[in-house]
Amino acid sequence: MSRQWSLWQTAQAINSCCGVSLLKAHRLARGWSARQAIEELERLCETHSLGLPRASIDLLNAWENNRARPRPQTIDQIARLYSANAVRLGLAADFSDDGDAGNVVIVAPTRTAQDAPPQARAVAVSSPPAVPGSASSDPEDEAERRALFHHALLSSGIPLNGRMLAEVERTRQDMDRTLATGSVNEDQLDRLDEQVLRYRREYIKSAPLPMLYRLMLEIADVRRLVSVRQPALSQRRLLNATTMLALLSADALMKLGDTRQAHAWYGTARTASDDVGEVRLRALVRAQEAMLPYHYGDLTETVRLAREARMLAGSAPSSPAALGAAAEARALARMGEHQAARVALAEAERIFSRMPPEDDHLAFRFSERRLQFYRMGTLIELGETGQVQEWISRSASPYTIDPALVLLDQAAHVAREGGYDEACRLAEQALVQVPPEHRTSIVVNRARALLSSVPPNQRRIPAARHLHDLVAEAGPQLAVDR
């Protein structure tokens, strides 16, 4: 009569006779395919509220073939799945000396099965063991991160939650570490330049959240190239691409409302651009960064960064110089320094008039439409709003939220003058014309701020109620709401 084996005994037999790892043997003992194992793991984690497992078919294959190692949290989840522990999974070593002669599994880095003590059943593996809690290997860590962003891109409605923000930050930290230390051929560099150019074109109309995930995947690729120092010309091209990708990431995070991470990514862009040493690129980073404090409260910092950008750009006409002057004008006007704002706006127009035509559908280029956008924002703060509605009605800007931001500037100005009914109608018009996927913190929080400025005795007027309902409806669609 045949003896009924337990799943653990079956897994040991498969491991012994088939030469597969203990981890894979546990799966085979249950008759599961890799896909079934992942599905069962996801089901278990959901049932017991263990969080989303950081696992995929590709990662499971790597773990089972000793090419990578799961994180400690994932090991715990897999142990629950297989009703085992890390030792029985072949993912830890048992060095205890308690006289127990029972069947145990020892994963030894320098021993083979023949070397094991006779009282223990030894199982050798092809790669050295790792102690639970130790840092995971870099390739595995990167594979998990890429799988996470790919999953977010393929799934609709994945929010920018704490876990995703942590991975965004770790991507930036990895890039910062590698900037200080990248071999690459001309074809790779040409492909990278084309990719960056494509991102700059698509960014103008793309929703910030999926674009951020795509940028994280691209940056992971670039970081591997930068991690080994290159010949000077190749290194400059890599750092230029890094600067542009970091700027796009910072701008997306600014739109999503995460000012801390946006500031950090602007710092990464500064590091890369300073390493390149090209003054216009350094000026561009400062001019773009000036918009973060403008939208989130510190106008004096906007003026400082804008002036630093103009100083770096020098006297030759360029996008960074024109943008710096235009950003300074807009901030000074909001601060009430109207004469200085007019001087800065005139300087931006003078610089722009001497520039060659710029591509209107490429991020970080200062085109005629960009000049008009900053001009409208400045004129509104100066009290000259006559041109605004005409500009909005005929504006065909590829920048999705530009007209909405101008309308919100106008609404804030009207509210300060006491016209709350018109201000709320303008803010509602701004929100309605923004597609839901672009209706992030940078837009909705401006509308909320306007609502909070309406006196309590006027918050029941129809326009204020309509705006309140629209803002409340937009709230859940925000990726970050701070």
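Predicted model: local features only at pLDDT ≥ 70, side-chain atom pairs only at ≥ 80, totals over all residues.
The residues of H16 that are buried are Ala341, Ala344, Leu345, Ala348, Ile351 and Phe352. Because these buried residues fall within an arc of 125° when H16 is seen down its axis, they line one face of the helix. The face of H16 that is turned away from this buried side carries Gln339, Val343 and Ser353, which are exposed.

A search of the whole structure for aromatic pairs finds five. In one of them, formed by Phe352 and Phe366, the ring centres lie 6.2 Å apart and the planes stand at 75°, an angle that is over the 60 degrees required, so the pair is edge-to-face. Since Phe352 belongs to helix H16 whereas Phe366 lies in the loop between H16 and H17, the pair ties together parts that are 14 residues apart in sequence. Phe352 has a relative accessible area of 18% and is therefore buried, the limit for this class being under 20%; Phe366, with a relative accessible area of 3%, is buried as well. A further edge-to-face pair is formed by Phe373 and Tyr374, with 5.2 Å from centre to centre and 80° between the planes, and both of these residues are buried. Through ring pairs, Phe352, Phe366, Phe373 and Tyr374 are linked into a cluster.

Another residue that can be described in detail is Ser273, which has its place in helix H11 (residues 259-276). With a relative accessibility of 0%, Ser273 counts as buried. A polar atom of the Ser273 side chain lies 3.1 Å from the backbone oxygen of Arg270. When neighbours within four places in sequence are left aside, the residues in contact with Ser273 are Thr243, Glu278, Leu281, Arg282, Val285 and Arg286.

An arrangement that involves a charge and a ring is found at Arg198 and Tyr199, where the charged end of Arg198 sits over the ring of Tyr199 at 5.3 Å from the centre of that ring.

Key: Residues numbered from 1 in each chain as written. Heavy atoms only, no water. Buried < 20%, exposed > 50% of the residue type's maximum accessible area, 1.4 Å probe, protein only. Helix = DSSP H or I, 4+ residues; strand = E, 2+ residues; numbered from the N terminus. Arc of directions from axis to C-beta. Polar contact = N/O pair within 3.5 Å; in protein donor to acceptor, adjacent residues only side chain to side chain. Contact = heavy atoms within 4.5 Å. Phe/Tyr/Trp six-rings, centres within 6.5 Å; stacked < 30°, edge-to-face > 60°. Lys NZ or Arg CZ within 6 Å of the ring centre and 35° of its normal.
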